[in-house]
Every structure is written in C-alpha cells, then in structure tokens.
Amino acid sequence: MTDTTLVARWVRPSIRSLAAYHVPDASGLVKLDAMENPYHWPPELVDAWLETLRNVALNRYPDPRSPQLIDTLRRVAGIPADQSVILGNGSDELIQVIIMALAGPGRVVMSVEPSFVMYRMIAGYADMDYVGVPLGEGFALDREAFIAAMQAHEPAVVFLAYPNNPTGNRFAREDMEAVIEAAPGLVVVDEAYAPFADDSFLGDLGRYPNLVVMRTVSKQGLAGLRLGYLCGPRAWLEQFDKLRLPYNINVLTQASAAFALDHHTVLDEQAAAIRRDRESLMQALAEMPGVIPYPSEANFILCRVPAGQGDRVFEGLKSRGVLIKNLSPQGGPLTDCLRVTVGRPDENERFLAALGSVLGQ
Ligand code: PMP
C-alpha cells in the first residue's frame, strides 16, 4: 500500500478536503497584511525584559495555571474579579478548545459572514456544521436574520467578533445584546481588536449566563508570544480548561507577557498612535478616486476599489513592495475589497503612494 492510499483510507474526508491556512511570504515587503502592531519597544525596556528572562527556568515545565500572568491580565485588562480566566496559545487555540468541548454530530457553529475565517475552519476540523449569517447593509449585524437563523439551526456556539474582522466595524451594542439574549447556547464575543475600539463586553460578564469574552495580546504588540485569554463564568471555563493542553503557555511567553503587561503604558501609547494614524489613513483613502474605505474600530481598514480591479490592485501593490490582504477572491460582499493594516507613518505613506500609482495606471 502506498502512503497516499493509507492517507486516503485513514484521514477523514472532511480533513482531506480542507485547504491549509495560508500565510504569504512577506520577505522584502512592507508588511501590512496581518494586523500586527508595527512597533517594538524602546531599547531600555528591551534590556529590562532580557534581564527578566535570565531567571526563567528552561529545564522546568511551565506552571500549567500561569497564575502570575493571569493576575497581571486581570489587573491590566480589568477583568471582573468574579469571572474565571483561561489562557490559550493565541486565541486561535481557545476557539479550538471551545469547539472541541461543544462538538457533536449535527451540532452547529454560527457566526456572521464575512468574519474571522478560523471559526469556520475549526468547526470543520471538528466535523461540526458551520452557518454564516450574511451581514446587512454597511456590514451591520442583521439582528432579525441572525435570530431567525439561531431559531432554525440551534447553534451550540455563536462567535461574534467585536469589532469584526475583516470588515473592521463594531456592531451595534443593542443588536449584540439581542443576539446574546436569544442564543440557545454559548456566545463568544471575540474582542481581538479591543485596544482600538470604543466598547467592550468585559463589563457585561455575569449579566448573561451564556456570555464569554475572548481577547488576545496579538494586536497589542505581542503577536509573537501567542497568547489569548478567555474570560467568563466558571461553569463554562472549568469545562474548557479540561481540554486545554496542560503546558500550552510556555515559560518564555508567561514571563514575557507578564513583563510587557506590567509596562502596558508603552503598548497603550502605541495603540493610541495606531488609532490616530488609522484616521489619517482613512481620510487619505477616502480621497483616492474610486476607493471606498469602510469605518473601522480596529487596527486595519477594509476598502473597496473600483469594480473588477481587486486582484490587479493587490498585485500592483505587491510589485511595488507593499503586502496587504486581498479579500476579493472570497467574492460576495468582499468582491474588490482589500484590507490594509495600519502601519508606521512611513509604511502608510509607502502604501498610499503605491496605491495612487496603481490606480493611476
Ligand atoms: N479573532 C479575530 C477576530 C482575529 O482577527 C484574529 C487574528 N487575526 C484572532 C482572533 C486570532 O488571534 P490570535 O493571534 O490570538 O490567535
């Protein structure tokens, strides 16, 4: 028997038919495709961090409960004291843990469409059905359609990114609350972009028995550490904690994230600069002929380019040294849409100059 026949026999068809998550090669390009914070730390802070790492015992397993890091997160993020917290190797891993706990034949994961692709992908890993309810006008959450879909499909879990990726907007709070109240199962409010947004559901934990809030330090400037956190009622989190691998947060991440969050004013200032630069970028995009930027409370902007030009503009930017995300191939409401991460001012200038040149061709 050849290896391919063995694979065909044993790997589930639903896995064989998946496409792997693709990360494009950004070498040599201005990297504005992945919602990273473009800034590092001042040199004196880097020195202090390296000094902290001297005391990290690499020969020992990490503390599986990460108590020091959880305390720091509680304090810095303002997590209500009566809520539980578990950590993930990025929030991607938390999505996986939640889905594993709720998976079962015929069970449904629901979100809006378009939204963060990992909800759909991880539902597929667990052979769950995925239902994406189309967003309404201006990428608003269509409350009636969403509630009707929940009645029809009884989702075990609903993921709502607040603000949403890739659209960048934050849904109306009343619509979110109506969905949480009507949901038959768990609602995960994914606040990956909280550092750039004007509202949060952290303060609403405890008001609803089916609400948990997921966050990440990735967009805050610590994407390389891989750290996400889930906050919510103990009854849910103690179940999810059983599926979390015991040593999922390594010693370097535990020490580095606790250090970084103890110095969060540096990260906060960076987020404030990104928010300011987002507004300048938004204005500059709105002045470009034929370009429609959508309102954003995240560290990226979704924009629509003239009809039929999505792929050409994306390739033209790349050939001019700028990598952003082309959403046009996803079609539907994202046809001719591109997503650009807010970079440093010089990177944003490079992007705008390249875009002007491509559109002028
Ligand atoms: N949620 C949303 C809405 C995201 O856009 C992303 C990353 N693009 C994530 C979660 C995953 O973040 P992490 O780096 O913590 O896995």
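At what angle do helix 3 and helix 10 pack, and how far apart are their axes? This is a predicted model, in which local features need pLDDT of at least 70 and side-chain atom pairs count only at pLDDT 80 or more, while totals for chains, interfaces and linings use all residues. Residues are numbered from 1 along each chain as its sequence is written.

Helix 3 (residues 43-53) and helix 10 (residues 251-262) pack at about 140°, with axes 10 Å apart; helices here are DSSP runs of H or I with at least four residues, and strands are runs of E with at least two. Axes are lines fitted to C-alpha atoms over the stretch in contact, and angles run from 0 to 180 degrees between N-to-C directions. Trp49, Thr52 and Leu53 of helix 3 make the contact with Leu252, Ala255, Ser256 and Phe259 of helix 10, contact requiring C-beta atoms, placed from the backbone, within 7 Å.

A second pair, helix 7 (residues 143-153) and helix 8 (residues 173-182), packs at about 10°, again with axes 10 Å apart, and helix 7 is therefore roughly parallel to helix 8 (angles under 35 degrees). Arg143, Phe146, Ile147 and Met150 of helix 7 meet Asp175, Ala178, Val179 and Ala182 of helix 8.

Lys219 lies in the loop between strand 7 (211-216) and strand 8 (228-232), and an unreviewed UniProt entry annotates Lys219 as "modified residue: N6-(pyridoxal phosphate)lysine". Lys219 counts as buried because it has 25 C-beta neighbours inside 10 Å, the cut-off being 20 or more other C-beta atoms within 10 Å. Beyond neighbours within four places in sequence, Lys219 is in contact with Met35, Asn37, Ala192, Tyr193, Pro195 and Asn299.

How values were computed. Contact = placed C-beta atoms within 7 Å. Parallel < 35°, antiparallel > 145°, perpendicular 65-115°, else oblique. UniProt positions renumbered as here; feature names shortened; annotations may be inferred. Buried ≥ 20, exposed ≤ 12 C-beta atoms within 10 Å, placed from the backbone.
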